[in-house]
Amino acid sequence: LTAASGGGIVAYADSARAEEAPEPPPRKKKVVVLGTGWAGTSFLKNLDSSRYEVKVISPRNYFAFTPLLPSVTCGTVEARSVVEPIRRMFEKKGKDVAYYEAECFKIDPTKKAVHCRSAVGTNLDGNGDFMVDYDYLVVALGATVNTFNTPGVMEHCHFLKEVEDAQKIRKSVIDCFERASIPNISEEEKRKILHFVIIGGGPTGVEFAAELHDFLVEDLVKLYPAIEQFVKITIIQSGEHILNTFDQRIAVFAESKFQRDGIELSTGFRVIKVSDDSITVKCKSSGVETLVPYGMAVWSAGIGTRPVITDFMSQVGQGKRRALATNEWLRVPECDSVYAIGDCSSISQRKIMEDISTIFKVADKDNSGTLTLKEINDVLEDICIRYPQVELYMKSMHMVDIADLIKGGVGDSNKESMVVNIEEFKKALSHVDSQVKTVPATAQVAAQQGYYLADCFNKKDHCVEHPEGPLRLTGSGEGHHNFRPFRYKHLGQFAPLGGEQAAAELPGDWVSMGHSTQWLWYSVYASCR
Ligand code: FAD
Ligand code: MG
Ligand code: MG
Ligand code: MG
Ligand code: MG
């Protein structure tokens, strides 16, 4: 199955083959990590860096705990308490890890090198560019904001991606209150200046709205009592509901909480233009356009691809995708030595129908041209590791075991004695691939991927002998368990809604709302790192 299932399943193998001749201990392999966000730091923290020569490149010399950024916008949490300096983080690793405060602007997979530009001024030649070569490259560059090319957004909206963004927002909110307090400002003008608009009703926009509301009612209103009546918060969301990636109950809970708080929800509106003092929105159902005057706007309507990733994708022939595609072992399939984790990448899950004939042949141990239930059961575990959609499909169809699934191919028959030929086998599995799931762009996913990949690197010697993929399907012997593909473990979602109210969604359909859900959530983070 190896050849069929991986499309280049040799992540670890190549460089090892060159070393098969008995030689003195090889030089340490160079691992270059791009980015120090959730994915990059999780990888670095878990990597046994004494085995490699590690170089880390990132324009920010700190890690930012992004879930707390909305709280920084209103001073609930201090900026310095949501960051962790990179050099502190790797203090214990000593000389094993080098860090360069620089931006990578080009990845060259043929030369196995990255081109970088210093983020802290230039060198003596008046040019801060340099090149770093690698044996293995870990791309953990994250995503950028996505304006969907909406005119005026870049110039006039705030974003909430970095610590600096949060600090700028805080200053801008106060500025609005001071501007509205200047004498001789008309009421209409005051209403405009104190209209805070959030574009995008995803978790970030919603958390920010909740924080801002608390900040206004608990602090600012006391400091600016004369203008309290003019303050308004609006969330503009193009979909029908806010928080639409969450359980429906959470969306409803959040919407009614916001209604009580007086936060206006404009759902079903798309922003088509932003000027310095108004936002043009279009009602999706009627097509009618309206001007919304505002004082400050925060754009949190989606994530986009960094130019260096777009460039790299075009070099390796991935075309114009939204994210860099990897296989299930987090390797870029077109390059032997490039891995990608976190928001900049997405896993393309292999379809079972692409490998169905090979699976059938491997399972048919007695070469009878048919499979018995036992023959199928013998390879079932490996199939489920390689194609998680099989289990998801059976679950979604309320099937108890594989026999239920196979019955779909042979029609009604006795479970124990059923026998399927290749056509029946194909028919039975033909809908399974509809259950292929994409992993979301979240800190949880990024951290789990970083951890998983470090584990792979730490056990690389073992993996060189047993490259990617479940082996037992290939018949190359029992007990040679090599690396399982990455599997995301969903630990839940959390949305603070202001006033110590929060909504959490945990696996197993367990939804919790109300006070002190937050602590539960932070413990979920603690356990995934
Ligand atoms: P990032 O964490 O963005 O890291 C990217 C790294 O690459 C950074 O260090 C950056 O400086 C560096 N970099 C950028 N360009 C270059 C370059 N050219 N060269 C070298 N380095 C570069 N997720 C959750 O699961 N739960 C939450 O509650 C949650 N809340 C969030 C709140 C906010 C305000 C935001 C913005 C995000 C939130 N997320 C949350 C999402 C989460 O932060 C991301 O999914 C996560 O950061 C992705 O990790 P990453 O390592 O891929 O990218
Ligand atoms: Mg990262
Ligand atoms: Mg981060
Ligand atoms: Mg991703
Ligand atoms: Mg058989």
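View 1. Strand S7 (residues 113–118) and S8 are paired in the antiparallel sense over 5 bridges, in a model that is predicted rather than experimental. Strands here (E, at least two residues), like helices (H or I, at least four), are DSSP runs numbered from the N terminus, and two strands pair if DSSP finds at least two bridges between them. Cys116 stands opposite Phe130 in S8. The open sheet has 3 strands in the order S6-S7-S8, with antiparallel pairing, and its edge strands, S6 (102–108) and S8 (129–133), each pair on one side only. Strands of a sheet pair through backbone hydrogen bonds, either parallel or antiparallel.

**View 2. Phe457 in the largest nonpolar core.** A nonpolar core is a set of buried Ala, Val, Leu, Ile, Met, Phe, Trp, Tyr and Cys residues joined through side-chain atoms within 4.5 Å, where buried means under 20% relative accessible area, exposed over 50%, and partly exposed in between (1.4 Å probe, protein chains only). The largest such core has 80 residues, and those touching the most other members are Phe43, Val173, Phe177, Phe196 and Phe457. Helix H17 (residues 443–458) gives this core its largest share, 9 residues. Phe457 touches, among others, Val31, Phe43, Leu47 and Tyr339, when residues up to four places away in sequence are not counted; contact means heavy atoms within 4.5 Å. A second, separate core of 26 residues includes Ala363, Val379, Ile402 and Val420.

**View 3. The magnesium ion (ligand 4) and its two coordinating residues.** Gly342 (O) and Ser345 (O) coordinate the magnesium ion at 2.3 to 2.4 Å. Donors are N, O and S atoms within 2.8 Å of the metal (3.2 Å for Na, K and Ca), and water is not among the atoms, so the site may look incomplete. Gly342 is buried, with a relative accessible area of 8%, and Ser345 also counts as buried, at 10%.

**Notes to all views.** Residues are numbered from 1 along each chain as its sequence is written, while chains are lettered from A and ligands numbered from 1 in the order in which they are written. In this predicted model, local features need pLDDT of at least 70, side-chain atom pairs count only at pLDDT 80 or more, and totals for chains, interfaces and linings use all residues, while side-chain values use heavy atoms, with hydrogens and water left out.
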